[in-house]
Amino acid sequence: MRNFLGSVANRVFLILLAGILVAAGTTSWLADNEKRKAFKELYEFRIAERVEQIVYSIDNVGPEMRALVLRTGENFGLEASLVKDTEHAVDDNPTLTTLLKTRLGGDRRVTVAKQTDCKLRDRRGPEFRRVDECQVVYVSLKDGALLKVKLRMMRDPGSPPGRPPGLPFLSPYFALFMLLIGILAFIVAKMTARPIQHLANAAGNLGSDIDRPPLDETGPTEVRQAAAAFNAMQARIKRQIQHRTHMLAAITHDLQTPLTRLRLRLEKVGDGDLRHKLLEDLAVMQSMVREGLELARSMDSAEVMQMLDIDSLLDSVCADAVDARQDVTLEGSTRASIMAQPNTLRRCLINLVDNAIKYGRYARLKVARDGSDIVITIRDGGAGIPADQLEAVFDPFFRLETSRSRDTGGTGLGLTIARNIAENHRAVLELRNHPEGGLEVTLRLPARS
């Protein structure tokens with residue numbers, strides 16, 4: 001449920017659906033109240049009309065005909081009789097009372113009350129049947145006599161006959177209404193969340209491809225403004241990366257010439273021990289300059305992506321290492337191709353193999369398919385890395401205090417360069433200490449068969 005509510009589209013869908021249902025329910029309730037009110041007014045008008053008819057009928061006939069007129073009322077679902085008093089009835093329908101006084105005249109006494117345990121003639125037959133409750137109207141005649149009229153009382157005067165009250169949700173029309181509202185809310189939610197999803201996808205892909213095409217600045221005003229702001233941010237980040245890369249590349253490149261002159265001059269130093277130490281320091285400096293140049297290239301490589309057979313690339317890297325008398329072996333194959341920058345990816349693998357040889361004496365490579373990915377593992381025979389520093393070794397110029405120090409010739413840039421290249425290929429580079437000893441590097445590349 002939390003994952004469902006975590007989506008913007010699902011939240012908008014639920015809010016829209018709930019809002020529409022509340023609005024529809026409120027409107028339906030108000031309309032139903034108005035309809036009940038109108039029906040109740042019509043119902044009371046019909047009662048007043050029937051009472052008026054029987055009152056005028058009795059007023060206009062002599063005493064000998066009144067009994068006959070009173071009996072005819074039973075055919076219309078009412079029972080009329082002459083009584084001496086109101087039998088202590090309490091008026092509980094002021095609206096109907098006022099309506100009757102308006103139609104019959106204000107000088108008449110009118111009382112409307114309810115009575116239980118009534119007995120009225122059934123409209124569908126001549127027999128009488130008992131009803132739970134009826135409405136009794138007391139009206140004074142012109143000669144002062146008191147007329148009592150019993151009428152059938154509807155259970156809910158505000159509801160039309162023949163429709164069970166309170167069951168609108170069981171109607172097939174309501175089910176169709178709900179279905180259409182749900183579809184509408186779903187479409188609106190998807191339309192609302194689609195620009196946000198596009199922006200999120202673009203932001204996620206920006207880290208692995210700074211040169212991706214800019215977003216289309218189309219759609220509503222807010223969406224266009226967000227797309228324009230994102231495109232401007234991408235352009236600024238790209239310029240900053242290019243400026244930093246060019247500056248680093250220029251510095252490292254320009255240092256090559258004075259370092260070369262310095263080496264030539266150091267060759268003329270007479271003291272052999274001093275010359276040897278100076279040349280070693282110079283070699284370290286030149287190595288740092290070369291690694292710095294490689295770092296700059298790894299951050300912003302201009303090499304073109306192309307299809308590459310990963311098995312052939314690994315065979316070539318391992319063959320070169322064996323030719324250099326390094327203890328390197330390769331196991332497995334994938335028969336897969338990937339979109340990659342050949343020279344750049346080769347540099348990444350060489351750095352990883354050299355790192356294993358330098359600090360672990362040997363490198364054992366394995367390659368295999370894992371779903372849609374190619375997984376390359378490189379294990380060495382070294383002492384491993386403390387668990388709290390497995391991520392820190394990817395920082396530029398970071399070195400461990402033990403075997404991974406300047407004395408071994410490391411600059412602290414090899415793993416940084418390798419991870420930059422991996423990220424440029426949308427790959428994942430991770431380190432872990434193998435349970436049986438040594439460090440294991442895992443490179444996971446997206447494959448294309």
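Reply: Start with Arg444 and Asp373, which form a salt bridge in this predicted model, with their closest N and O atoms 3.6 Å apart. Arg444 sits in strand S11, which covers residues 439-446, and Asp373 sits in strand S9, so this pair ties together parts that are 71 residues apart in sequence.

Next up is Arg419, whose salt bridge partner is Glu391; here the closest N and O atoms are 3.0 Å apart. Arg419 belongs to helix H10 and Glu391 to the loop between S9 and H10, so the bridge links parts that lie 28 residues apart in sequence. Is Arg419 buried or exposed? At 19% relative accessibility Arg419 counts as buried, because the cut-off for that word is under 20%.

Leaving aside residues up to four places away in sequence, Arg419 touches Glu391, Phe394 and Leu429.

The side chains of Asp320 and Arg346 meet in a salt bridge, at 2.2 Å from N to O. Asp320 lies in helix H8, while Arg346 lies in helix H9, which spans residues 342-360, so parts 26 residues apart in sequence are tied together by this pair. Asp320 is partly exposed, with a relative accessible area of 40%. Altogether, a search of the whole structure turns up 10 salt bridges.

What about disulfides, and how many does the structure hold? The count is zero. In general, a disulfide would be a covalent bond between the sulfur atoms of two cysteines. There are cysteines to look at, though. Cys318 is buried at a relative accessible area of 7%, and Cys348 is buried as well, at 0%.

Now back to the loop between S9 and H10, where Glu391 sits. Gly384 is found in that loop too, with strand S9 given as residues 373-379. The C-alpha atoms of Gly384 and His434 are separated by 8.0 Å, although the two residues are 50 places apart along the chain. If you skip residues up to four places away in sequence, Gly384 touches Asn433, Gly438 and Leu439.

Arg325 has a positive phi of about 60 degrees although it is not a glycine. Look for Arg325 in the loop between helix H8 (310-323) and strand S6 (328-331). Arg325 is exposed, with a relative accessible area of 81%. Arg426 is another non-glycine residue with a positive phi, about 55 degrees. Arg426 sits in the loop between helix H10 (414-424) and strand S10 (428-433), and at a relative accessible area of 49% Arg426 is partly exposed.

Among contacts between residues at least 6 apart in sequence, 64% join residues at least 24 apart. The chain exposes about 26900 Å², with carbon and sulfur atoms supplying 56% of that area.

How confident is the predictor? The mean pLDDT of the chain is 79, and 84% of its residues reach 70 or more. Two stretches deserve a second glance. Over residues 161-167 pLDDT stays under 50, and the model has seven contacts beyond four places in sequence for them. Residues 402-406 also stay under 50, and the model has 14 such contacts there.

Definitions and conventions. Residues numbered from 1 in each chain as written. Predicted model: local features only at pLDDT ≥ 70, side-chain atom pairs only at ≥ 80, totals over all residues. Heavy atoms only, no water. Contact = heavy atoms within 4.5 Å. Areas by Shrake-Rupley, 256 points an atom, 1.4 Å probe, with all protein chains shown as cover. Helix = DSSP H or I, 4+ residues; strand = E, 2+ residues; numbered from the N terminus. Buried < 20%, exposed > 50% of the residue type's maximum accessible area, 1.4 Å probe, protein only. Disulfide = S-S within 2.5 Å. pLDDT = per-residue confidence, 0-100. Salt bridge = Lys/Arg side-chain N within 4 Å of Asp/Glu carboxyl O.
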